[in-house]
Amino acid sequence: MSNILRLVWFDLKPELKPPVWIVAEWAVFSVQVGIYGAMISQLVTGIGNYSQFFAVGLVIMITFDMGSHMGRHFVEHAHEGRLPYLLSLPISRSKLFLAITLQGGTELALMLAVPLTVTLLIIGNLTWISVIACVLTLFLLGFGVAGLMLALSFIAFKSSDLYTAIVTGLSTIIIRFSTVLYPFIFLPPQYASAAAFSPLTYGSDLIRFFLGFDPSILLNPYYAVSVVVALAISTLGLGLFLVQRLVEGVKSA
Amino acid sequence: MYAVETKDLTKRYGKTLALRNLDFTIDENEIMVLLGPNGSGKTTLLLILATILKPTSGHAEVMGVNVITQSTRVRQILGIAFQEARGFWRHKPADILRFHASVCGVPKAERDTLIQNVLTDLELWDARNKLFMHLSGGQAKRLEVAKVFVHRPKFAILDEPSSQVDLRGKRKIWAQIRRLQEEGSTILVATNEVREAEYLADRVTVLDEGRSVVCDTVGKLKDSITGGDIVELEIEAPKPEILKQALGQLEGTVKITNSSSSRFKAYVSMAESWVPRMTDTCYQSKARILSIRVTEPSLDDVFLHFTGKALKGTSNE
């Protein structure tokens, strides 16, 4: 276990000295919620306080970005020659993947620490169970997205440009065609059918359910739980399987 | 038991065969040098032994441990310095070595002293707190090999350990490799630098297009080239043509040429045995030897002899 923690800390340390990226993300979130969220909530009617809905949406977007970053990070490791070094260390492959996953989880936790706290404070009136369920959902969603990006990494081993283009395009579609910023029941039919394919739709509705939003504007929570769990297990499993096979083919050190 | 043994080892990348049924061994505490041009399969072999790549077929063992089925155990035995130093751009050399030493199980009490000694010896001490991305190519390469010298594994793999490093740095790296051997390590060095191979090798394996062409000590490889040694003679002889004929009939002579009546060039096998025979012949012919110069073939000549190609290739490894 100590080698896993060493690996996590070694990779994480430069991000924290100084933690510019993390603090910048917190600052962007604060500005988005404090200024844009406050203004837009004046325009939106029909779902109570929209700034709360909007804050949860931003937290989901950060989770998606971090999950996506975890997947890309792995691909960058391979391209920068860091992966062969990690693969040569005297630790098992499963422990190495565990270390990479733990690092991603820790980064996600750091990145979400302030935004999630602010969001919970804005919403208020919460129970410990609802907060824990919300945090668990965010991590499951983050790992699910990371797994999706890992599964796509086989493209990166052929062409990193194509990978970047596909991931950027996919990210745009997955976020825009979802219920991250708009409730499902208010979506036009064509838009709603596209949003049904976005994993963020289920993640964001589930979190809003746990945080006490009006269930009538959300998807069925049991359905959402099933989708989020299935997404995390299937994409992470597929991603790791594909990466293990692909990594073996990384010829150059 | 061999320290390293491969049997029928084959690695295929798509349609390209990087290794072809390679049978290869390294004795314990030996420095084996893999010599071959780019694309000959050197790096592929190293990466398979380091368990980073899996072979397409065949068998490989390090210290009796199977590299495919017991890869984690193999990684606990060996350490590798890669051909190119890349990766931890935002880390400092001292931190990189400290991390490497701790993960590789170097005792905490020895770590700092060992790191300081290696950094000082490789002239990296002043750069220990620079970010990796600010190191020069030569410094980054020295840091890459420093990982192995701090780890001091039972089996060390070094891929072109002194490429991009100046001559002074090369000598320091070579001295460290020798010291590692004295401490009991078995060492595998891949290179296409003839001088590095000649300086380090107990034995050399010549690789070409994924095959082991020949494997032996440097001396024996050189001796195996018929007529590879060149002996240039300046002689004062009463009858030079008769002397030339007599020298041509000596055991080991391949060809004799002369640029003047007193200057001869003899292409011979194993000059160390041929020269005494030559001096006897000169003495019997009442010829006086004014000067002798013996030139051995280089490993480049050895490579050319066994593969029909020059050592410097153009394709990618």
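A residue counts as buried if 20 or more other C-beta atoms lie within 10 Å of its own C-beta atom. That term is needed for strand β7 (residues 155–159) of chain B, where 5 of the 5 residues are buried, so the strand is largely enclosed by the rest of the structure. The model described here is predicted. This briefing begins with that strand and then turns to the cores, the chains and their contact.

**Strand β7 of chain B**

- In a regular strand the side chains alternate between the two faces of the sheet.
- In β7(B), the residues B:F155, B:I157 and B:D159 point one way, whereas B:A156 and B:L158 point the other way, and all are buried.
- Strand β6 (residues 78–81) of chain B pairs with β7(B) in the parallel sense, over 4 bridges; here B:A81 has B:L158 as its bridge partner.
- Strand β8 (residues 186–191) of chain B also pairs with β7(B) in the parallel sense, over 5 bridges; here B:I157 has B:L188 as its bridge partner.

**Nonpolar cores**

- The largest nonpolar core contains 138 residues, and B:V33, B:L49 and B:A146 have the most contacts inside it.
- Helix α3 (residues 50–79) of chain A gives the most to this core, contributing 16 residues.
- Another core, of 14 residues, lies apart from it and includes B:L233, B:I235, B:A237 and B:A266.
- Leaving aside residues up to four places away in sequence, B:L49 touches B:V4, B:A60, B:V62, B:V67 and B:I157.

**Overall form of chain B**

- Chain B has 11 helices and 14 strands, and 42% of its 317 residues count as buried.
- The C-alpha atoms of chain B fill a box of roughly 75 × 45 × 35 Å along the principal axes.
- Chain B is divided into domain 1 (4–222) and domain 2 (226–296), and the C-alpha centres of these two domains lie 44 Å apart.
- Of the contacts in chain B between residues at least 6 apart in sequence, 69% join residues at least 24 apart.

**Contact between the chains**

- Chain B provides 24 residues to the contact and chain A provides 17 residues.
- On the side of chain B that touches chain A, α1 (42–49), α2 (71–77) and α3 (93–103) of chain B each supply at least two residues.
- The residues on that side of chain B comprise 11 nonpolar, 7 polar and 6 charged.

**Confidence in chain A**

- Chain A has a mean pLDDT of 85, with 94% of its residues at 70 or more.
- Within chain A, confidence is lowest in helix α10 (residues 221–247), at a mean of 83, and highest in helix α9 (residues 199–210), at 92.

Technical notes: Residues are numbered from 1 along each chain as its sequence is written. Chains are lettered from A and ligands numbered from 1 in the order in which they are written. This is a predicted model: local features need pLDDT of at least 70, side-chain atom pairs count only at pLDDT 80 or more; totals for chains, interfaces and linings use all residues. Domain bounds come from an automatic or database domain assignment. pLDDT is the predictor's confidence in each residue, from 0 to 100. Two residues are in contact if their C-beta atoms, placed from the backbone, lie within 7 Å. Ala, Val, Leu, Ile, Met, Phe, Trp, Tyr, Cys and Pro count as nonpolar, Asp, Glu, Lys and Arg as charged, and the others, Gly among them, as polar. A nonpolar core is a set of buried Ala, Val, Leu, Ile, Met, Phe, Trp, Tyr and Cys residues joined through C-beta atoms within 7 Å. A residue is buried if 20 or more other C-beta atoms lie within 10 Å of its own, exposed if 12 or fewer, and partly exposed in between; C-beta atoms are placed from the backbone. Two strands pair if DSSP finds at least two bridges between them.
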